[in-house]
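Subject: Structure handover

Hello,

Here is the structure you asked about, with the sequence alongside. My notes on what came out of it follow below.

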Amino acid sequence: MPEYYAPAVLLGQINTAATSGPTLAYSAVHHSEIKRLIVVNTNLSATAGQCTIYHADSGEGFSAGNALRFGHSMAAKTHIEIIGQDNGSGISVKAGGKIGISATTSSMTLSIYGVTRSGR
């Protein structure tokens with residue numbers, strides 16, 4: 001079955017640092033729909049890592065209570081995706097909402113693709 005995706009642009013991209021706390025990856029100025037989140041472990045050796053992706057829609061801090069993926073283990077040279085295939089099936093982020101990530105390694109890249117509604 002073919003897959004169809006709505007047009008989307010790169011809204012944010014961040015390379016992680018091995019830190020104990022989350023890092024802001026995207027802050028919505030206007031209401032947005034995240035169509036695709038991709039995390040890639042770009043470590044070329046055999047080093048695995050863990051990542052947590054957060055969605056703080058009311059602008060609150062990142063915590064386990066707003067995690068989309070929590071402590072997700074990733075082998076080196078692998079990726080995970082969160083995909084909204086149809087309009088309205090993505091992750092809605094209100095103006096002032098934000099997406100964040102934390103990781104146990106500095107070799108992960110989070111890319112966020114989506115659409116925004118200016119003026120809403």
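The protein chain exposes about 6,400 Å², and carbon and sulfur atoms supply 53% of that area. Please keep in mind that this is a predicted model. Of the 120 residues of the protein chain, 38% count as buried.

Overall form

The C-alpha atoms fill a box of roughly 45 × 40 × 20 Å, taken along the principal axes. The radius of gyration of the protein chain is 14 Å, which agrees with the value near 14 Å that a compact globule of 120 residues would have. The secondary structure comes to nine strands and zero helices, so the pattern along the sequence reads β-β-β-β-β-β-β-β-β. Among contacts with a separation of 6 or more, 80% are between residues 24 or more positions apart.

The core

The largest nonpolar core has 19 residues. Those with the most contacts inside this core are I34, L37, V39, C51, I99, L110 and I112. Two or more residues come from each of these elements: β2 (23-27), β3 (31-41), β4 (49-56), β7 (91-93), β8 (98-103) and β9 (108-117).

Not counting residues up to four places away in sequence, L37 touches I53, L68, I80, E81, I82, I91, I99, L110, S111 and I112.

I14 is placed in strand β1 (residues 9-15). Is I14 buried or exposed? Its relative accessibility is 15%, and I14 therefore counts as buried, the cut-off being under 20%. Leaving aside neighbours within four places in sequence, I14 is in contact with T23, L24, A25, I101, M108, T109 and L110. I14 and I82 are 68 residues apart in sequence, and their C-alpha atoms are 16 Å apart in space.

Salt bridges

How many salt bridges are there? The count comes to two.

One joins the side chains of K35 and E33, at 3.3 Å from N to O. K35 is buried, with a relative accessible area of 4%. E33 counts as buried too, at 6% relative accessibility.

The side chains of R36 and E81 also meet in a salt bridge, at 3.5 Å from N to O. R36 lies in strand β3 and E81 in strand β6 (residues 79-83), so this pair ties together parts that are 45 residues apart in sequence. R36 counts as partly exposed at 23% relative accessibility, and E81 counts as partly exposed at 30%. E81 is also one of the residues that L37 touches.

The loop between β3 and β4

N43 is placed in the loop between β3 and β4, where it counts as buried because its relative accessibility is 15%. The side chain of N43 makes a polar contact with the side chain of S45, at 2.6 Å. Leaving aside neighbours within four places in sequence, N43 is in contact with A76, K77, T105 and S107.

A46 also lies in the loop between β3 and β4. A46 counts as exposed, at 77% relative accessibility, whereas N43 counts as buried. A46 and E33 are 13 residues apart in sequence and 35 Å apart in space, C-alpha to C-alpha.

The loop between β4 and β5

Which loop holds N66? N66 lies in the loop between β4 and β5 (67-74). N66 is buried, with a relative accessible area of 9%. Its side chain makes a polar contact with the side chain of E60, at 3.5 Å. Leaving aside neighbours within four places in sequence, N66 is in contact with I53, Y54, H55, A56, E60 and G61. Of these, I53 is also among the residues that L37 touches.

Regards

Definitions and conventions. Residues are numbered from 1 along each chain as its sequence is written. This is a predicted model: local features need pLDDT of at least 70, side-chain atom pairs count only at pLDDT 80 or more; totals for chains, interfaces and linings use all residues. Side-chain values use heavy atoms; hydrogens and water are left out. A nonpolar core is a set of buried Ala, Val, Leu, Ile, Met, Phe, Trp, Tyr and Cys residues joined through side-chain atoms within 4.5 Å. Buried means under 20% relative accessible area, exposed over 50%, partly exposed in between (1.4 Å probe, protein chains only). Helices (H or I, at least four residues) and strands (E, at least two) are DSSP runs, numbered from the N terminus. Contact means heavy atoms within 4.5 Å. A polar contact is a pair of N or O atoms within 3.5 Å; within protein, one must be able to donate a hydrogen and the other to accept it, and residues adjacent in sequence count only if both atoms are side-chain atoms. A salt bridge is a side-chain nitrogen of Lys or Arg within 4 Å of a carboxyl oxygen of Asp or Glu. The radius of gyration is taken over C-alpha atoms; the globule rule is 2.2 Å times the number of residues to the power 0.38. Accessible areas come from the Shrake-Rupley method with a 1.4 Å probe; for residues, only the protein chains shown count as cover.
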